[in-house]
Amino acid sequence: MRALVVDDEPPALSELTYLLEQDGRFDVVVAASSGTDALRALDAGDVDVVFSDISMPGLDGMELARIIARFARRPQVVFVTAHEEHAVDAFAVQATDYVMKPVSPSRLARAVDRVVEGMTSAPPADARAEPGAPGEVAEAAGPTAAAREAGPAPAAPDERIAVELGGVTRFVLRSTIRYVQAQGDYARLFTATGSHLVRVPLSTLEERWAGAGFVRIHRSTLVSLAHVAEVRQSQGRVSLVLAPDGTELQVARRHTRDVRERILARGPRT
């Protein structure tokens with residue numbers, strides 16, 4: 001693999017570069033001391049993963065990740081930072097991992113493991129985007145007519161969402177999320193074991209996760225069809241019963257037809 005390390009502090013940049021060079025899974029490790037230098041490095045050659053600090057002068061790590069998210073061939077991003085408060089924002093840019101400084105070799109190795117998992121589970125490059133030069137930005141004018149007719153684009157095999165529990169950053173797999181409810185500009189993710197608040201609007205999740213089987217059943221609720229165990233109808237109202245605890249959610253009338261069609265198209269739950 002080829003890695004790019006980005007940090008404006010020379011000691012941190014040198015240490016992280018050294019640690020990655022000791023990992024036999026990397027053929028090349030390139031260092032950049034700013035977000036602008038990182039973009040030049042990305043334009044100069046293929047990079048599989050970017051290990052970036054967040055708090056940097058000029059183009060910071062979060063802004064860099066947002067630019068990378070528009071690349072036709074997008075490298076993975078691992079944030080390496082001393083600040084916990086950006087963990088929720090990492091979800092919005094689909095970061096692979098969030099590593100706290102000071103970095104231990106064992107924690108960094110786990111982050112690299114996740115990068116490798118992401119590479120093996122990702123679709124081939126030619127299935128994700130048209131071939132282009134390294135660092136090429138994907139077309140931003142919106143989906144083509146053919147894409148719109150084809151429906152939502154397939155989602156990635158799974159996605160890790162950074163959440164905070166008692167000051168500790170953890171990652172929740174999208175496949176474990178049963179439903180999502182809007183709470184202002186935030187969204188609460190409900191799994192079988194609890195719930196997590198993330199700073200992402202429900203509309204953003206609806207668009208991003210449509211290909212993963214999430215459907216809006218109410219103006220404030222998305223449901224994962226993979227977790228629907230039963231569909232009930234009473235007095236013209238439809239509700240969905242979720243596994244494994246039987247949580248029942250009402251479907252708004254305006255969404256009933258779409259929900260039925262999506263469930264029929266998906267087939268029985270296995």
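Among contacts in the chain between residues at least 6 apart in sequence, 55% join residues at least 24 apart. The model under discussion is a predicted one. Its chain has 270 residues, of which 40% count as buried. The secondary structure consists of nine helices and 15 strands. The accessible surface amounts to about 14300 Å², and carbon and sulfur atoms account for 50% of that area.

The interior may be taken next. In soluble globular proteins, nonpolar side chains tend to be buried together. The largest nonpolar core of this model has 23 residues, and those with the most contacts inside it are Leu 4, Val 6, Leu 42, Val 50, Leu 64 and Phe 79. At least two residues of this core are supplied by each of β1 (2–6), α2 (35–44), α3 (61–68), β4 (76–81) and α4 (87–92). The largest share, four residues, comes from α3. Leaving aside its neighbours within four places in sequence, Phe 79 is in contact with Ser 52, Ile 54, Gly 61, Met 62, Ala 65, Ala 90, Val 93, Ala 95, Asp 97, Tyr 98 and Val 99.

The crossing of α2 past α3 is right-handed. On the α2 side the contact is made by Gly 35, Ala 38, Leu 39 and Leu 42, and on the α3 side by Leu 64, Ile 67 and Ile 68. Leu 42 and Leu 64 are also among the residues with the most contacts inside the largest core.

Strand β2 (residues 28–32) contains Val 28. With a relative accessible area of 28%, Val 28 is partly exposed. Val 28 lies 25 residues from Ala 3 in sequence, yet the two are 6.2 Å apart in space, C-alpha to C-alpha. Once neighbours within four places in sequence are set aside, Val 28 is in contact with Met 1, Arg 2 and Ala 3.

Most residues other than glycine have a negative phi, and most peptide bonds are trans. Gln 94, in the loop between α4 and β5, has a positive phi of about 55° although it is not a glycine. Gln 94 counts as partly exposed, at 31% relative accessibility. The peptide bond from Lys 101 to Pro 102 is cis, with omega near -5°. Pro 102 is situated in the loop between β5 (97–100) and α5 (105–121). The peptide bond from Ala 243 to Pro 244 is also cis, with omega near 5°, and Pro 244 is found in the loop between β14 (237–242) and β15 (247–251).

Ala 187, in strand β9 (residues 186–190), is buried, with a relative accessible area of 0%. Not counting residues up to four places away in sequence, Ala 187 touches Val 180, Gln 181, His 196, Leu 197, Val 198, Val 200 and Leu 205. Ala 187 and Thr 221, which are 34 residues apart in sequence, have a C-alpha to C-alpha separation of 9.3 Å.

The loop between β9 and β10 (195–198) holds Thr 193, and Thr 191 lies in the loop between these strands as well. With residues up to four places away in sequence left out, Thr 191 touches Val 172, Thr 176, Ile 177, Arg 178 and His 196. The C-alpha atoms of Thr 191 and Thr 176, 15 residues apart along the chain, are separated by 5.8 Å. Thr 193 and Ile 177, 16 residues apart in sequence, are 9.8 Å apart in space, C-alpha to C-alpha.

Technical notes. Residues numbered from 1 in each chain as written. Predicted model: local features only at pLDDT ≥ 70, side-chain atom pairs only at ≥ 80, totals over all residues. Heavy atoms only, no water. Core = buried A, V, L, I, M, F, W, Y, C linked by side-chain atoms within 4.5 Å. Buried < 20%, exposed > 50% of the residue type's maximum accessible area, 1.4 Å probe, protein only. Contact = heavy atoms within 4.5 Å. Areas by Shrake-Rupley, 256 points an atom, 1.4 Å probe, with all protein chains shown as cover. Left-handed = near helix turned anticlockwise from the far one by under 90°.
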